[in-house]
Amino acid sequence: EIGSSLTVEILGGEIPEGYFESFSANIVVTSSPKCVGNRAFKDSGLTQITLADTLTIGSEAFSGSRIQSVAMPCVTHIGAGAFSDCSQLKSIVLNNAVEVLGENWIAGSPISKLSGAEFGTRYRTASNYLVDQATSTLVYIAPDSNVTDIVVDKEVIRISSSAFNGS
């Protein structure tokens with residue numbers, strides 16, 4: 001029987017699809033996998049993970065987990081719903097190499113801080129929102145109960161159907 005906490009070091013560079021799905025113990029991953037598979041930590045007790053060398057995060061990889069913050073300095077691909085419904089997630093720090101943010105990647109998560117200034121050439125943060133520059137689409141607005149008006153750049157011509165899912 002596993003206790004209430006599990007510390008894991010990933011050898012081989014990948015966390016397979018569904019590996020810790022619905023695993024309820026507190027999970028701390030101390031190494032940085034190259035790839036986090038689809039649903040790898042879905043609905044799990046994961047609270048902390050190092051993603052220093054991670055390049056790809058699969059669909060729903062962390063969905064519903066207890067992760068609180070995440071920094072991903074090398075990630076290029078984040079799958080659909082990867083951080084959706086993470087009720088304790090407050091901060092995400094990305095990099096300038098992000099090429100793909102899947103649909104609803106942070107839907108239903110109370111992200112109050114998006115960091116990364118420029119997410120490569122495709123995505124850009126401005127104040128409390130994220131814009132897909134390739135399609136001129138507002139893709140996410142960080143929730144803030146004090147905000148009554150949002151002013152976006154003139155280049156924004158579309159609003160994604162999931163833009164307000166965290167609000």
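Let's start with K42, which is buried, at a relative accessible area of 17% (buried means under 20% relative accessible area, exposed over 50%, and partly exposed in between, using a 1.4 Å probe and protein chains only). Before going further, a word on what you're looking at: this is a predicted model, where local features need pLDDT of at least 70, side-chain atom pairs count only at pLDDT 80 or more, and totals for chains, interfaces and linings use all residues. Residues are numbered from 1 along each chain as its sequence is written, and side-chain values use heavy atoms, with hydrogens and water left out.

Back to K42. Its salt-bridge partner is E60, with the closest N and O atoms 3.9 Å apart (a salt bridge here is a side-chain nitrogen of Lys or Arg within 4 Å of a carboxyl oxygen of Asp or Glu). That pair links distant parts of the chain: K42 sits in the loop between β4 and β5, E60 in the loop between β6 and β7 (69-71), and they are 18 residues apart.

Strands are DSSP runs of E of at least two residues, numbered from the N terminus, and two of them pair if DSSP finds at least two bridges between them. In general, strands of a sheet pair through backbone hydrogen bonds, either parallel or antiparallel. Here, five strands make an open sheet in the order β2-β4-β6-β8-β10, and the pairing is parallel. At the edges you'll find β2 (14-15) and β10 (100-101), each pairing on one side only. Further in, β4 (residues 35-36) and β6 (residues 56-57) run parallel and are joined by two bridges. To see how they line up, look at V36, which stands opposite I57 in β6.

How many salt bridges are there by the rule above? The count comes to three. One of them brings together the side chains of E17 and R39, at 3.1 Å from N to O. E17 lies in the loop between β2 and β3 (26-29) and R39 in the loop between β4 and β5 (45-49), so this pair ties together parts that are 22 residues apart in sequence.

R39 also forms a salt bridge with E21, where the closest N and O atoms are 3.3 Å apart. Here too the pair links distant parts of the chain, with R39 in the loop between β4 and β5 and E21 in the loop between β2 and β3, 18 residues apart. R39 is partly exposed at 27% relative accessible area, and E21 counts as partly exposed at 31%. Through shared partners, E17, E21 and R39 are joined into one salt-bridge network.

Notes:
Helix = DSSP H or I, 4+ residues; strand = E, 2+ residues; numbered from the N terminus.
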